[in-house]
Amino acid sequence: MTLRIGLIGARGYVGSELIRLIATHPEFELGFVSSRERAGQKVASHEDGYRGDLEYVNLDAEQAAQQSVD
């Protein structure tokens, strides 16, 4: 079973580490990565450990709660 995970405020050191850990975990998948400053940019352009096509989005708490993540 794969768990889809969403990250809010993922631009800093902790966010980078979480992206790296989730990207390499066999049972986790990134559902979204939210950052006001990087919205619209490819996550892979900023994170060496991520190889997917996911882009940063800018979600508020209500929008994040409506995403299809576990």
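A strand here is a DSSP run of E of at least two residues, and strands are numbered from the N terminus. With that settled, we can look at the structure, which is a predicted model.

Let me start with the sheet. Three strands form an open sheet, in the order β1-β2-β3, and the pairing is parallel. The edges are taken by β1, residues 3-8, and β3, residues 56-57; each has a single partner strand, so one side of each has no neighbour in the sheet. As a reminder, strands of a sheet pair through backbone hydrogen bonds, either parallel or antiparallel.

Strand β2 covers residues 28-34, and two bridges join β2 to β3. Across that pairing, Val 33 stands opposite Tyr 56.

Is Ser 34 buried or exposed? Its relative accessibility is 2%, and buried means under 20%, so Ser 34 counts as buried. What does Ser 34 touch, beyond residues up to four places away in sequence? The list is Leu 7, Ile 8, Gly 9, Ala 10, Val 57, Asn 58 and Leu 59. With Leu 59 there is also a polar pair: a polar atom of the Ser 34 side chain lies 3.1 Å from the backbone nitrogen of Leu 59.

Last, the core. The largest nonpolar core has 10 residues, among them Leu 7, Val 33, Tyr 50 and Tyr 56. Helix α1, residues 13-24, and strand β2 each supply at least two residues of this core. Tyr 50, setting aside neighbours within four places in sequence, is in contact with Ile 19, Ala 23, Leu 30, Val 43 and Ala 44.

Technical notes
Residues numbered from 1 in each chain as written. Predicted model: local features only at pLDDT ≥ 70, side-chain atom pairs only at ≥ 80, totals over all residues. Heavy atoms only, no water. Pairing = 2+ DSSP bridges. Helix = DSSP H or I, 4+ residues; strand = E, 2+ residues; numbered from the N terminus. Buried < 20%, exposed > 50% of the residue type's maximum accessible area, 1.4 Å probe, protein only. Polar contact = N/O pair within 3.5 Å; in protein donor to acceptor, adjacent residues only side chain to side chain. Contact = heavy atoms within 4.5 Å. Core = buried A, V, L, I, M, F, W, Y, C linked by side-chain atoms within 4.5 Å.
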